[in-house]
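This report describes a single protein chain. The sequence and the structure are shown first, and the description follows.

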Amino acid sequence: NGLPRGSWLVVNASLSAVKTGATSPHELLKLHRRGVKIYSSEQLHAKIYVFPRRVYIGSANISTNAADKLDEAAVRVTDAV
């Protein structure tokens, strides 16, 4: 079913991400029409870490480049789906 109305999505929707096919403007438009708020960060570098009973979804790196140049974020999820 995807993201429900009122959800927020942060994605790299830059021209270069769209041109390379990393981001689909068609899919973003469908989400927007369903009421999802879409924010773009060209420096977003997301990943998912899966552990027993918890998942981290975010972009965090332990590197100088991440500390100096990237916008980093993460969410810890512990609820069963």
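The text below moves from the overall fold to strand pairing, side-chain pairs and selected residues.

**Overall fold**

The model is predicted. Its chain contains 3 helices and 5 strands, and these elements follow one another along the sequence in the pattern β-α-α-β-β-β-α-β. Of the 81 residues in the chain, 19% are buried. The chain exposes about 6400 Å², of which carbon and sulfur atoms supply 57%. When contacts between residues at least 6 apart in sequence are considered, 45% of them join residues at least 24 apart.

**Strand pairing**

Strand β4 (residues 54-58) takes part in two of the pairings described here. With strand β3 (residues 47-51), β4 pairs in the antiparallel sense over 5 bridges. In this pairing, K47 stands opposite G58 of β4. The two strands β3 and β4 form a hairpin with 2 residues between them. R53 lies in the turn of that hairpin and has a positive phi of about 70 degrees.

Strand β4 is also joined to strand β5 (residues 74-77), here by 4 bridges, and the two strands again run antiparallel. Within this pairing, V55 stands opposite V77 of β5.

**Aromatic pairs**

How many aromatic pairs does the model contain? The count comes to 2 aromatic pairs. W8 and Y39 form a tilted pair, with 5.4 Å from centre to centre and 50 degrees between the planes. This pair links distant parts of the chain, since W8 belongs to strand β1 (residues 8-11) and Y39 to strand β2 (residues 37-40), 31 residues apart. W8 is exposed, with a relative accessible area of 58%, whereas Y39 is partly exposed at 39%.

F51 and Y56 form an edge-to-face pair, with 6.1 Å from centre to centre and 80 degrees between the planes. The pair counts as edge-to-face because its planes are over 60 degrees apart. F51 is partly exposed, with a relative accessible area of 39%, and Y56 is also partly exposed, at 28%. The table sets out the geometry of both pairs.

| Aromatic pair | Centre to centre | Angle between planes | Arrangement |
|---|---|---|---|
| W8 and Y39 | 5.4 Å | 50 degrees | tilted |
| F51 and Y56 | 6.1 Å | 80 degrees | edge-to-face |

**Salt bridge**

The model has 1 salt bridge. K30 forms a salt bridge with E27, and their closest N and O atoms are 3.2 Å apart. What separates K30 and E27 along helix α2? The two residues are 3 residues apart in helix α2 (residues 25-33), and therefore about one helical turn lies between them. K30 is partly exposed, with a relative accessible area of 39%. E27 likewise counts as partly exposed, at 38% relative accessibility.

**A nonpolar surface patch**

Which residues make the nonpolar surface patch of about 380 Å²? The patch is made by I48, V50, I57 and V75. I48 has its place in strand β3. At 57% relative accessibility, I48 counts as exposed.

**Two residues in their surroundings**

S41 is found in the loop between β2 and β3. Is S41 buried or exposed? S41 is buried, with a relative accessible area of 12%; it counts as buried because this value is under 20%. Leaving aside residues up to four places away in sequence, S41 touches V10, V11, N12 and D71.

R5 lies in the segment before β1. In contrast to the buried S41, R5 counts as exposed, with 65% relative accessibility. R5 and V36 are 31 residues apart in sequence, yet their C-alpha atoms are 5.3 Å apart in space. Not counting residues up to four places away in sequence, R5 touches R33, R34 and G35.

Terms used. Residues are numbered from 1 along each chain as its sequence is written. Side-chain values use heavy atoms; hydrogens and water are left out. A salt bridge is a side-chain nitrogen of Lys or Arg within 4 Å of a carboxyl oxygen of Asp or Glu. Buried means under 20% relative accessible area, exposed over 50%, partly exposed in between (1.4 Å probe, protein chains only). Two strands pair if DSSP finds at least two bridges between them. Rings of Phe, Tyr and Trp (its six-membered ring) pair if their centres lie within 6.5 Å; planes under 30 degrees apart count as stacked, over 60 as edge-to-face and the rest as tilted. Contact means heavy atoms within 4.5 Å. Patches are made of residues with over 30% relative accessible area and no salt bridge: like charges are joined within 9 Å, nonpolar side chains (Val, Leu, Ile, Met, Phe, Trp, Tyr) within 5 Å. Accessible areas come from the Shrake-Rupley method with a 1.4 Å probe; for residues, only the protein chains shown count as cover.
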